[in-house]
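Please find below a note on the structure under review.

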Amino acid sequence: MEYRQLGHSGLMVSELSFGTGTFGGGSEFFRAWGNTSVEEAKRLIDICLEAGLNLFDTADIYSHGLSEEILGKALEGKRQSVLISTKTTFRLGKGPNDVGSSRHHILRACEASLRRLGTDYIDIYHMHCFDALTPVEETLATLDTLVRSGKVRYIACSNFSGWHLMKSLAISERYGWARYVGHQVYYSLVGRDYEWELMPLGLDQRVGALVWSPLGWGRLTGKIRRGQPLPEQSRLHKTADLGPPVAPEYVYKVVDALDAIAQETGKSVPQIALNWLLRRPTVSSVIIGARNEEQLRQNLAAVGWKLTPEQMTKLDSASELVPAYPYWHQRGFLERIPLPVPPAKPS
Ligand SMILES: NC(=O)c1ccc[n+]([C@@H]2O[C@H](COP(=O)([O-])OP(=O)(O)OC[C@H]3O[C@@H](n4cnc5c(N)ncnc54)[C@H](OP(=O)(O)O)[C@@H]3O)[C@@H](O)[C@H]2O)c1
């Protein structure tokens, strides 16, 4: 396992981290992901630690706090050897202030997360989404207070637009406050929009990507193929429309390319999809998801080898899409706006 710097910070994170959205199964939506118990979580965490993985990701919204609670219990006695990332912003109660990135909500949410996790500090605290109603100054001043108090070590954001992140970074800089060093983003071989705006921004500003749903919300698993019914057990039965929107034909085309490389390499479809992400600029850590031990072990073996440049190009070509404006227009001026990853010829 390699360790990578989290953006413009001194924190080293393992190139694979483990996402705990599958812990708890506390609602119909999360039950479709999984319902890992404390005992099973302990086992999965031990497997991660043996593999050298040091970062575990959760959020207050996952199973309404249950994922944090299970992670906290499963990590008892191991806190010093791991990094915990959690998040707030989404609605957790019915009240007008049970949502958002206001001072009121962040401070209360942070205390609640610390309690559920059974720890006195959070290593990476994310704003789960941009809150356009709260002044950016209010959010960042509050986060800076949490960093200075030692309750939070590093701050990060998730699902921000380019301007949300750039405005936030500029305000942190203006006041000398803690700045976002990580951006938890959706990025996969069937979701490359991250490359258009957020990747160049991440490179320019040294904000590391923590990649969520690296298998495209459970699609690049080798179980989803043209002309084949969904497997009996899959989150896609109940949540396909609630995750990243992806056209089935696009998934099949990318899976065809993954299958061809699986034949050449003897690696599995998810291993190849994860390895592709690990080769992309700005990626600090890829957050893997696993319903069970078998999936976890397979995904952990996505490291320690590299796709060849030719294999990377084949995957780039199979997954290439025409970008939205102004990015397609800017591709006519590569001389002065070079891209972090050169556009491939669509196959
Ligand atoms: N910041 C955000 O907004 C955000 C959003 C979503 C997720 N996240 C984070 O990212 C983590 C990972 O997201 P994700 O679970 O959506 O990732 P993903 O990699 O796209 O999907 C993981 C799912 O794919 C299937 N799978 C995984 N490995 C497999 C294997 N080797 N063989 C066969 N099937 C396999 C399993 O589902 P089935 O068993 O159902 O097939 C598993 O739950 C989450 O736990 C969370 O920490 C963050």
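Predicted model: local features only at pLDDT ≥ 70, side-chain atom pairs only at ≥ 80, totals over all residues.

1. Nonpolar cores. The largest nonpolar core comprises 82 residues, and those with the most contacts inside it are Phe18, Tyr125 and Tyr180. Helix α9, spanning residues 248-265, gives the most to this core, with eight residues. Another core, of 10 residues, lies apart from it; Leu83, Ile124, Leu210 and Ile287 are among its members.

2. Surroundings of Tyr180. When neighbours within four places in sequence are left aside, Tyr180 is in contact with Met127, Thr139, Leu140, Leu143, Ile155, Ala156, Cys157, Phe160, Leu165, Ser168, Leu169 and Val207. Tyr180 is also one of the residues with the most contacts inside the largest nonpolar core.

3. Ligand shell. The ligand is surrounded by 29 residues, of which the closest are Asp57, Ser213, Lys223, Arg235 and Arg291. Helix α11 (residues 293-300) gives the most to this shell, with three residues.

4. A side-chain N or O atom of Ser213 is 2.5 Å from an oxygen atom of the ligand. The backbone also takes part: a polar backbone atom of Leu215 is 3.1 Å from a ligand oxygen, and a backbone N or O atom of Trp217 lies 3.0 Å from an oxygen atom of the ligand. Taken alone, the ligand exposes 910 Å², and the protein buries 96% of that area.

5. Salt bridges. How many salt bridges are there by the rule applied? The count comes to 23. Side chains of opposite charge can pair when their charged atoms come close. One of these pairs joins the side chains of Arg4 and Glu2, with an N to O distance of 3.5 Å. Arg4 counts as buried, at 13% relative accessibility, whereas Glu2 counts as partly exposed, at 37%.

6. A pair within helix α2. Lys42 and Glu39 meet through their side chains in a salt bridge of 3.7 Å, N to O. The two residues are three apart in helix α2 (residues 38-50), so they are separated by about one helical turn. An α-helix has 3.6 residues a turn, so residues three or four places apart point the same way. Lys42 is partly exposed, with a relative accessible area of 30%, while Glu39 is exposed, at 56%.

7. A pair linking separate parts. Glu320 forms a salt bridge with Arg331, and the closest N and O atoms are 3.0 Å apart. Glu320 is in the loop between α12 (309-319) and α13 (327-330), and Arg331 is in the segment after α13, so the pair ties together parts that are 11 residues apart in sequence. Glu320 is buried, with a relative accessible area of 10%, and Arg331 is partly exposed, at 23%. Salt bridges that share partners join Arg192, Glu195, Arg280, Asp316, Glu320 and Arg331 into one network.

8. Which residues of helix α3 (residues 66-74) are buried? They are Ser67, Glu68, Ile70, Leu71, Gly72 and Ala74. The cover over these buried residues includes α2, β4 (55-57), β5 (83-88) and α4 (103-117). Arg79 is placed in the loop between α3 and β5 and is buried, with a relative accessible area of 13%.

9. Contacts of Arg79. The side chain of Arg79 reaches two backbone oxygens: that of Val82 at 3.0 Å and that of Tyr121 at 2.9 Å. Neighbours within four places in sequence aside, Arg79 is in contact with Ile84, Thr119, Tyr121, Ile122 and Asp123.

10. Strand β7. Arg153 lies in strand β7 (residues 152-158) and is partly exposed, with a relative accessible area of 43%. Leaving aside neighbours within four places in sequence, Arg153 is in contact with Tyr121, Ile122, Asp123 and Val147. The C-alpha atoms of Arg153 and Leu11 are separated by 9.4 Å, although the two residues are 142 residues apart along the chain.

Notes
Residues numbered from 1 in each chain as written. Heavy atoms only, no water. Core = buried A, V, L, I, M, F, W, Y, C linked by side-chain atoms within 4.5 Å. Buried < 20%, exposed > 50% of the residue type's maximum accessible area, 1.4 Å probe, protein only. Helix = DSSP H or I, 4+ residues; strand = E, 2+ residues; numbered from the N terminus. Contact = heavy atoms within 4.5 Å. Salt bridge = Lys/Arg side-chain N within 4 Å of Asp/Glu carboxyl O. Near = heavy atom within 4 Å. Polar contact = N/O pair within 3.5 Å; in protein donor to acceptor, adjacent residues only side chain to side chain. Areas by Shrake-Rupley, 256 points an atom, 1.4 Å probe, with all protein chains shown as cover.
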